[in-house]
Amino acid sequence: MSHRKIIHIDMDAFYVSVEERDHPELAGKPLVVGGPPEGRGGVVATASYEARKFGIRSAMPSKQALQLCPQAIFLRPRFEIYKEVSRQIRDIFRRYTDLIEPLSLDEAYLDVTDDKLGIGSAIEIARQIKDAIQQELRLTASAGVSVNKFVAKIASDINKPNGLKFIGPSAVEAFMEQLPVEKFHGVGKVTAAKMKGMGLFTGADVKRLTEAEMFKHFGKAGSFYYRIVRGIDERPVQSQRVAKSLAAEDTFSYDLTTLEEMNAELDKLSSIVHGRLTKNNLQGRTLTIKIKYSDFRQITRNRSFPEPVADEATIRRLAKELLTLTFIQGQRIRLLGISLSNFDRAKEQLRLF
Ligand code: DCP
Ligand code: MG
């Protein structure tokens, strides 16, 4: 039986670690990257491990964070720098494998089954990647090493920060059996509560149900959990996602509150999206807007048309109409995005990476 070798890498306290690195005088202090605690609407993007000792967490209002830890130091995020670091870690990954699937700026799956450098062990590859990140970027990452994505991702969290956890082929099933259902990636609060209500607290409990029963209660996800608790997760690491949409979005350094400001942003985004569509000779029949509020809640609204949307004025008009439909006075907006999807011809699909 041959197994895949999958590594999941996740940077430790990502935004805050970059800030500590670039401002050494702040190292070890309770740091928060996010919106300012003065005024309303500021939220925590991430907190240093020192700040987490006070109970500060991602997505918490900055005001509450300051109450929990009055000596906390608040810093504004520098997204351009984090993107640059993200590109740098990806360059390190690429030395070891071409099969890389980024999940966010600070997180990726790597399939190292086809050991490019002939290192011989996935654990050793993970160790070398962690060392390279530490020595070249002066940041730390945690790695999980296993036979599939699901277990690798959970493993990377186990010895965080600066952790390395290996769950080998013969240990996977026992690991899944003891795992509390709320730790299952994809099981949110609602599903976890439903599972517990049914007496399902761990993987071993879930294992007592048939696939049909799991499907009946949890739909498609139920079938997925049925296989997961048996250590089966065949999902490939997908390095080249074929783009099914083309998007432009902007995160603001301050929250937008008026429709006027938002419309001005949509004008800018429409022009960017239109430019990209033209450049790639694409036309989409579905237009979507994405809105992230200052409390990190995110919504999307879309509309589809029989004819492809091609010109900038139409993109602008449709985006504004969708926004107006969702607009509620007093809501603070942190991010706006426009995307077009439902392209006409398959041959015109793009490669993102
Ligand atoms: N982030 C954010 N808002 C959230 C969660 C995260 O802006 N609600 C950003 C800030 C984080 C980065 O994404 O630095 C990565 O998210 P992680 O969940 O991996 O958190 P950290 O890397 O900060 O900490 P950890 O060491 O727990 O991975
Ligand atoms: Mg992280």
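## Helices α8 and α10

In this predicted model, where local features need pLDDT of at least 70, side-chain atom pairs count only at pLDDT 80 or more and totals for chains, interfaces and linings use all residues, helix α8 (residues 189-197) packs against helix α10 (residues 211-228) at an angle of about 120°, with the axes 12 Å apart. Helices here are DSSP runs of H or I with at least four residues, strands are runs of E with at least two, and both are numbered from the N terminus; axes are lines fitted to C-alpha atoms, for helices over the stretch in contact, and angles run from 0 to 180 degrees between N-to-C directions.

The two helices α8 and α10 are therefore oblique to each other, since angles under 35 degrees count as roughly parallel, over 145 as roughly antiparallel, 65 to 115 as roughly perpendicular and the rest as oblique. The crossing of α8 past α10 is left-handed, a term used if the near helix is turned anticlockwise from the far one by less than a right angle, with right-handed used if clockwise. On the α8 side the contact (heavy atoms within 4.5 Å) is made by T191, K194 and M195, and on the α10 side by M214, H217, F218 and Y225. Sorted by class, this contact of α8 with α10 holds 4 nonpolar, 2 polar and 1 charged residues, where Ala, Val, Leu, Ile, Met, Phe, Trp, Tyr, Cys and Pro count as nonpolar, Asp, Glu, Lys and Arg as charged, and the others, Gly among them, as polar.

## Helices α11 and α12

Helix α11 (residues 259-279) and helix α12 (residues 312-326) cross at roughly 140°, and their axes come within 9 Å; α11 and α12 are therefore oblique to each other. Their crossing is right-handed, and the residues in contact include L259, M262 and L266 of α11 together with I315, A319 and L323 of α12. The contact of α11 with α12 divides into 8 nonpolar, 4 polar and 4 charged residues.

## Helices α1 and α4

The axes of α1 and helix α4 (residues 79-96) come within 10 Å and cross at roughly 100°, so α1 and α4 are roughly perpendicular to each other. Here F14, Y15, V18, E19, R21 and D22 in α1 meet F79, I81, Y82 and V85 in α4, and by class this contact of α1 with α4 has 7 nonpolar, no polar and 3 charged residues.

## The magnesium site

The magnesium ion (ligand 2) is coordinated by D10 (OD), M11 (O) and D106 (OD), at 2.0 to 2.2 Å. D10 lies in strand β1 (residues 6-11) and D106 in the loop between β5 (100-104) and β6 (107-111), so that this pair, 96 residues apart, links distant parts of the chain.

## Backbone details

Most residues other than glycine have a negative phi, and most peptide bonds are trans. A13, in the loop between β1 and α1 (14-22), has a positive phi near 35°. The peptide bond from K160 to P161 is cis, with omega near -5°, and P161 is found in the loop between α6 (149-158) and β8 (164-166).

## Conventions

Residues are numbered from 1 along each chain as its sequence is written, chains are lettered from A and ligands numbered from 1 in the order in which they are written, and side-chain values use heavy atoms, with hydrogens and water left out.

Technical notes: Donors are N, O and S atoms within 2.8 Å of the metal (3.2 Å for Na, K and Ca); water is not among the atoms, so sites may look incomplete.
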